[in-house]
Amino acid sequence: MTPTSTFETWATILTVAVTAIAGDVLTAGAMRRIGDLDIIRAKSGLSGAIKAVVSSPLFMLGVLCMALSFFSLLFTLSKVDVSLAAPASASLTFIGNAAAAKFFLHENVDHRRWFAAIFVCAGVVLLSR
Amino acid sequence: MKHTLTPQRYLILLAVMLTASVGDTLLSHGMSQVGPVSLHNLPLLFIALRNPWIITGILCLLGFFASYLTALSWADLTFVLPSTAFGYVVVALLGHFWQHEHVSLARWLGILLIVCGVGFVANGPSLTEHAHQQPTEVAE
């Protein structure tokens with residue numbers, strides 16, 4: 001592995017986190033629009049539920065972002081040690097998701113949920129040591 | 001409406017926690033049998049698809065995605081995400097009790113933090129109530 005600059009390291013990690021957050025927020029937004037899957041499945045069966053999800057452009061965009069995130073993670077892992085890249089991108093994703101869910105999805109992110117995001121973020125860092 | 005979950009919905013969240021970590025563990029076990037893949041022997045990836053551990057792992061991850069999407073359809077993203085993190089705890093505990101891996105003090109602390117984080121959200125409401133939202137809105 002060739003030595004990588006600090007800027008490149010964090011730029012790649014940040015790319016992984018940002019695409020992951022975009023993927024999560026887009027799919028969550030899509031599921032909110034589609035409505036309760038349990039109700040849809042009761043009404044039109046499993047195939048109906050799958051059709052409702054797959055035909056949502058917002059969902060497909062989210063999946064595209066998740067795929068981008070996956071490939072940028074692969075790219076990052078070829079340059080940065082896994083012991084830094086994996087927990088750093090995972091914990092950035094947790095914090096970023098809490099902010100993005102509040103901002104874009106207008107979720108009620110109260111103290112409880114902020115604490116949860118911060119605790120989980122710190123926990124992920126500790127677990128990967 | 002308080003948005004507490006029915007037992008069936010807690011089962012879906014349990015599936016989110018378990019399938020992701022079990023799926024990853026199965027894939028990692030399978031890939032250790034297949035051997036390292038590099039850009040020069042990409043066809044090895046197709047051979048990997050015949051490995052029973054890999055197949056079961058992929059099925060688990062499909063189950064994960066289905067239950068994750070189901071959970072997102074009736075709960076907030078900030079409610080579901082901490083439970084996905086609980087998967088890390090499951091992997092660490094599986095490693096400790098099943099594979100007899102050494103779990104350091106830092107890792108136990110990490111496990112404790114994640115469990116606390118999940119506990120915080122699990123006590124709260126699962127869905128934000130929006131004034132303009134029609135609760136029975138169903139896509140065509």
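In soluble globular proteins, nonpolar side chains tend to be buried together.

Leaving out residues up to four places away in sequence, Val25(A) touches Ala100(A), Ala101(A), Phe104(A), Leu105(A) and Leu77(B). Contact requires C-beta atoms, placed from the backbone, within 7 Å.

## Model and numbering

This is a predicted model: local features need pLDDT of at least 70, side-chain atom pairs count only at pLDDT 80 or more, and totals for chains, interfaces and linings use all residues. Residues are numbered from 1 along each chain as its sequence is written, while chains are lettered from A and ligands numbered from 1 in the order in which they are written.

## Chain A against chain B

Chain A puts 36 residues into the contact and chain B puts in 32 residues. On the chain A side, the elements giving two or more residues are H1 (6–34), H2 (37–54), H4 (82–103) and H5 (111–127). H5(A) supplies the largest share, 11 residues. Helices are DSSP runs (H or I, at least four residues), numbered from the N terminus.

By class, this side of chain A has 22 nonpolar, 6 polar and 8 charged residues. Nonpolar covers Ala, Val, Leu, Ile, Met, Phe, Trp, Tyr, Cys and Pro; charged covers Asp, Glu, Lys and Arg; the others, Gly among them, are polar.

## H4 and H5 of chain A

H4(A) and H5(A) pack at about 175°, with axes 8 Å apart. H4(A) is therefore roughly antiparallel to H5(A) (angles over 145 degrees). Axes are lines fitted to C-alpha atoms over the stretch in contact, and angles run from 0 to 180 degrees between N-to-C directions.

Among the contact residues are Phe94(A) of H4(A) and Trp114(A) and Val120(A) of H5(A). The contact divides into 11 nonpolar, 1 polar and 1 charged residues.

## H1 and H4 of chain B

H1(B) (residues 7–34) and H4(B) (residues 77–97) pack at about 45°, with axes 8 Å apart. This makes H1(B) oblique to H4(B). Residues meeting here include Val16(B) in H1(B) and Val80(B) in H4(B). By class, the contact has 10 nonpolar, 5 polar and 1 charged residues.

Notes. Two residues are in contact if their C-beta atoms, placed from the backbone, lie within 7 Å. Angles under 35 degrees count as roughly parallel, over 145 as roughly antiparallel, 65 to 115 as roughly perpendicular and the rest as oblique.
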